[in-house]
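Please look over the sequence and structure first.

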Amino acid sequence: MSDEKDWLPTEKNIEDYELLKDMLDSQKREFDLLSKKKPDDQLNKMKLKMVNRVLEPLKKICENEPSYMFLDTLNEDEMPTYSDVVLIISQYETALDEFKETHHFRDDYRLEHRWMTQEYPPDYYGGEDEGDEGEE
């Protein structure tokens, strides 16, 4: 791995990202609706736990990203409102967009878009044929 990239996600991180991103999108739609009706109503404990079950692993995936310091989970002691949840989910959406922008790219060797992971770093495919050059 190159010095300029200290950390890459694992294939498992990407699987989790894809599953949890969809769940977060679904939660965002629901809380957008609730927030429009009653922005200052508080979550109940069940909703809070459901949201945190998505936020906590996403926060872990982003722990090596610059946006990590801005990612919060919901605190039961402060029982957030629906509008608070929309704000927090929006921060996660931005962080996840940046995560994808950083670790997903067009691989010119394979002519496709793919994730850069520990198992398949940016030069993974390009390096396979380098040793074959000049061997004729």
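Predicted model: local features only at pLDDT ≥ 70, side-chain atom pairs only at ≥ 80, totals over all residues.

Part of α1 is buried: N13, I14, Y17, L20, K21, L24, Q27, K28, F31 and S35. An α-helix has 3.6 residues a turn, so residues three or four places apart point the same way. The cover over the buried residues of α1 includes α2, α3 and β2 (112-115).

N13 lies in helix α1. Its relative accessibility is 17%, and because buried means under 20%, N13 counts as buried.

The largest nonpolar core has 26 residues, and L24, F31, L43, L58 and L74 have the most contacts inside it. At least two residues of this core come from each of α1 (11-37), α2 (45-61) and α3 (82-103). The largest share, nine residues, is supplied by α3.

Two of the buried residues of α1 are L24 and N13. The table gives their contacts, leaving aside neighbours within four places in sequence.

| Residue | In contact with |
|---|---|
| L24 | V54, L55, L58, I89, Y92, E93 and L96 |
| N13 | W7 and I61 |

L58, one of the contacts of L24, is also among the residues with the most contacts inside the core.

Terms used:
Residues numbered from 1 in each chain as written. Heavy atoms only, no water. Core = buried A, V, L, I, M, F, W, Y, C linked by side-chain atoms within 4.5 Å. Buried < 20%, exposed > 50% of the residue type's maximum accessible area, 1.4 Å probe, protein only. Helix = DSSP H or I, 4+ residues; strand = E, 2+ residues; numbered from the N terminus. Contact = heavy atoms within 4.5 Å.
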